[in-house]
Each structure stands twice: as C-alpha cells, then as structure tokens.
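This report describes strand pairing and packing in the model shown below.

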Amino acid sequence: MRPNRQSRARVGKDLEVPRLCYKEVVADDTIGKDRLRRLARLDSRKVREELGLQLLAGPRLVAEALRGGRVSELFLREGAAEEWRARAGDVPIHELAPEDLARLAQVKTPQEVVAVGPLPTWASPEALFQRHDRVLVLDSVQDPGNVGAVARTALGLGVGGLLVLPGTADVTAPKVLRASAGALLRLDLAAAPELPVNDHTLVLPVVHGGADVREISAPQRFALVLGNEASGTSIDRAGALRVTIPMTGEVESLNVAAACAVILGRWL
C-alpha cells in the first residue's frame, strides 16, 4: 500500500528528525549515529517500507514481540532491568540514555525498552478466510487507537484473522501497534482493495433496523465488518446479516471499538 498524503509530506525535505544525544550512549553492540537517526523515522510508512522494519515501544509490546521472535534489535534505557537481557537471547542489545530512548520511541512517556522488528508477513485474503472461521474486516477505520483497540479485542475474544481494506490506518504504525498491546503481532493479517467473495456470513453493524445482537447467535463462520468512524462501511451485499446494538437514553450509537467489543463479547 502506498503512503498516504500525510506520510509523504513527513518524509520530504522538511522532515524534522529527532536529535539523539550520542555522547551518552553506551552500547553492547555498536550502532552508528546515522542508523539511530534512521530508526527514529520509523513513524513514517515510507521509511518502514524502505527498511522493512517496524517500531515496537513499551514493555508489553516488546515482551510480546520477543515471545514471538519478532525482534531484530533491542534498545534499553541505561540501568534497565536485567531481565530484558535474559529475555533477549541472541537479539543485539543497545543501551541508550533515557532522553535518546524517548526520542527513538516517539512518545512523551519515558520508556524502559524499545525494539525494532520485521514488518509482518501478509496472507492472501483467500488464505485468511480458509484458515479462520472468524474474521474481522476493517473498512476505512482511520483512527490509530481504534484500529489497535479492535485488534486487541478481536484477538482476546477468539478472532484469528484481520482483513484490512483501503482507508484504514496502517497496522504497522507505532501508535496502532501500541494500542493493540501486541495483538497485531499475533493476528493473521491480510489486505485487499475490496472484500473478496467468501463463504463466511457477512455481519454488518447498523445503528437502526438490524437484528438485535442480544437475540441471535453467532454464525458458525462470519466476517464482522467495521466501517469508518463517521460514515460507516461502504460494503452492502445481499444476504448480509445486519445487526444492531440496542441503545437507551440519549446515546444513539457506540464508537467502533466499543461496538466491536459488544458484538464479539456477546457472541464469543
């Protein structure tokens, strides 16, 4: 997938690259200034695709990546817990000053550990539907926090596959990965220009007029489609199962992450 307009603008000549304080760096494995500067730009999709790497910031995300063998290099804050060295195994470790690690992680909250790892291997949409009875489909879900949250909910409730359609936030972006708490490192991922034909029951949440989600059972094989936060999904196929979450009071609907949790929590 090509970088969006915002990503292209950020990787132009006016890009502000974080400045790292190399005078305070103590590395177990030598790492050059230029490489650190390059890694500090992994919030850009273009740079991620050029390097074939994604940024993993924070203990929970890094721990999940280490368990799955998804870490290429590990960066520790000076004085970080020794347990990270034990967990790392043969993964190269670099020790950085706290301010440098924070700039690399692209977050304000101090981090103890940051890692970089390979971009995910994408399945074909056909293989995704063959392998998994329960699939989550994201159609133009743009908010990084929502994409990460629904991925975390889906994995936690037994969904194995995630299909990404155009307009959805990049699942390799640091904000999305952090919001997923590592779920995007474990889900089977696929991307497609449109929803392929498959034998799963297509489930479309609608604000009004659908079947009460509390009164029906989950189809044996289903694909739950979550649409854009403002306009919903553009997918409309004959035979789709439209479901509604009944609301009370003055609230008309839930946001996409909450709706996902309610539907999957009711069914699975």
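## Terms and basis

Two strands count as paired if DSSP finds at least two bridges between them. Helices (H or I, at least four residues) and strands (E, at least two) are DSSP runs numbered from the N terminus.

The model is predicted: local features need pLDDT of at least 70, side-chain atom pairs count only at pLDDT 80 or more, and totals for chains, interfaces and linings use all residues. Residues are numbered from 1 along each chain as its sequence is written, and side-chain values use heavy atoms, with hydrogens and water left out.

## The four-stranded sheet

Four strands in the order β1-β4-β2-β3 form an open sheet with mixed pairing. At its edges lie β1 (53–57) and β3 (93–96), each of which pairs on one side only. Strands β2 (residues 73–77) and β4 (residues 113–118) run antiparallel and are joined by four bridges. L76 has V113 in β4 as its bridge partner.

Helix α6 (residues 98–105) packs on this sheet and touches β1, β2, β3 and β4; its direction makes about 135 degrees with that of β2. Contact here means heavy atoms within 4.5 Å. Axes are lines fitted to C-alpha atoms, for helices over the stretch in contact, and angles run from 0 to 180 degrees between N-to-C directions.

## Strand β10

Strand β10 (residues 222–226) is largely enclosed by the rest of the structure, because five of its five residues are buried. Buried means under 20% relative accessible area, exposed over 50%, and partly exposed in between (1.4 Å probe, protein chains only). F222, L224 and L226 cover one side of β10, with A223 and V225 on the other.

Strand β5 (residues 134–138) pairs with β10 in the parallel sense over five bridges, and L138 stands opposite L226. Strand β8 (residues 201–205) also pairs with β10 in the parallel sense, over three bridges; the bridge partner of L202 is A223.
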